[in-house]
Amino acid sequence: MANTTLRVDYIAADIETLAAGVDEHTLARICYGHQDAKTAGASSIQVPLAVVAGHRYTEVWRSSTPVERSTVGPVNVAATLDAALLSLVIPDRETDVEDVGHDAYAVLLDTLQRSGYPHLIRTWNFFPAINQAQDGEERYQRFCAGRYRAFAERFHDFLPLLPAATAIGTREGSITLFVLASKTPGMHIENPRQVSAYAYPRQYGRVSPSFARATVKSWGEELHLYVSGTASIVGHASQHVGDVRGQLEEIGANLDALAATCRAHSLRIPPLPALQSMDFIKVYIRDPADAADIQDAIEQQFERTEPTLYLQGDVCREELLVEVEGMWRIPAQA
Ligand code: 3EB
């Protein structure tokens, strides 16, 4: 099977300028900021997180092969030869977020199976009030329980199938989930500095989170190495509580340890600090008052010049102030 080459670009232009660029090769445009009717459209995913520093980039995913759009119940599907991007927006009513997580993953997983893209490559999960208690548990923990149940109902042994992910709390808007999947599997990678999230002890919730630390996937002319939301967690314990710079440094060390593991798997990523060399990163910042300091650290201390999205986002552990996700593009071996 010929492969699709997927391209990601962070474009510092507003959506009206970008509208001209939407064509049959556009898998999705992911827009950050306030939800806004004029940016809505079949090809757009709106993530309701405010940009708190740097450029307001739009993340544009393009495919070398034509994209077909469809809807399956509540799910928007953009499918190309061997990749599909599914998105789902659910109003956050009084419903239990455990049921929301379950039902969302149930429909996403069933749609992927039926449409022939069964392999999860990367998921993003955004929902309001992630640290708020609901029936004696954090909403994040309830979400994890629902997501887990959807996997457990469908797969006997699903831990090896879990992909890289992000789960971040929003201050407004709807529950917004999107998933990149493929006809062919990626390879999931864990971080030697961190206990696998799916093996976290019970103290963090009755059910562990369902994700891998990173996933690598070959797409035609390049490999993408997708790095999960990475926080200041060593082993399974939060570090540097109350110290945002300390947390960022620990994140840098976690990302460097992940990078070393990837190099040991012969992935040719640059011999530089991860925060410097990743092609794209998103920095989720709990308190917008920390944004300038974090941007300064990323640009001065880590000498990063590549595109960075600085977003207000609530990390799923209340004591954590910052989290970083990102990706490397790696040219396919000749
Ligand atoms: C952590 O390492 C931080 O539940 O999908 C990061 C990435 C985190 C994904 C998820 C949670 C998720 O535990 C939190």
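Hi everyone, thanks for coming. Because the model is predicted, local features need pLDDT of at least 70 and side-chain atom pairs count only at pLDDT 80 or more, while totals for chains, interfaces and linings use all residues. Residues are numbered from 1 along each chain as its sequence is written, and side-chain values use heavy atoms, with hydrogens and water left out.

Let's start with the ligand. How many residues surround the ligand? There are 13, and the closest are Y140, R147, Y200, R213 and C316.

Y140 places a polar side-chain atom 2.5 Å from a ligand oxygen. For R147, an N or O atom of the side chain is 2.7 Å from an oxygen atom of the ligand. R213 has a polar side-chain atom 2.8 Å from a ligand oxygen. Taken alone, the ligand exposes 360 Å², and the protein buries 99% of that; these areas come from the Shrake-Rupley method with a 1.4 Å probe, and for residues only the protein chains shown count as cover.

Now the elements around the site. Helices (H or I, at least four residues) and strands (E, at least two) are DSSP runs numbered from the N terminus. Both α3 (139-154) and β12 (164-170) supply at least two residues of the shell. Which element gives the most to the shell? That is β12, with 3 residues. By class, the shell has 8 nonpolar, 2 polar and 3 charged residues. Here Ala, Val, Leu, Ile, Met, Phe, Trp, Tyr, Cys and Pro count as nonpolar, Asp, Glu, Lys and Arg as charged, and the others, Gly among them, as polar.

Let's move on to single residues. I'll call a residue buried under 20% relative accessible area, exposed over 50%, and partly exposed in between (1.4 Å probe, protein chains only).

D96 is in the loop between β8 (83-90) and α2 (97-115). Is D96 buried or exposed? D96 counts as buried, because its relative accessible area is 18%. Its side chain reaches the backbone nitrogen of E98 at 2.8 Å.

V283 belongs to strand β19 (residues 280-285), and its relative accessibility is 0%, so V283 is buried. From V283 to T230 there are 53 residues in sequence and 9.6 Å in space, C-alpha to C-alpha.

P192 lies in the loop between β14 (187-189) and β15 (214-219). With 64% relative accessibility, P192 is exposed. P192 and A231 are 39 residues apart in sequence and 14 Å apart in space, C-alpha to C-alpha.

One last topic: backbone angles. Most residues other than glycine have a negative phi. A129, which is not a glycine, has a positive phi near 55°. A129 sits in the loop between β9 (119-128) and β10 (133-134), and is partly exposed at 23% relative accessible area. S266 also is not a glycine, and its phi is positive at about 65°. S266 is in the loop between α4 (244-264) and α5 (274-277), where its relative accessible area of 58% makes S266 exposed.

Technical notes
A residue is near a molecule or strand if one of its heavy atoms lies within 4 Å of it. A polar contact is a pair of N or O atoms within 3.5 Å; within protein, one must be able to donate a hydrogen and the other to accept it, and residues adjacent in sequence count only if both atoms are side-chain atoms.
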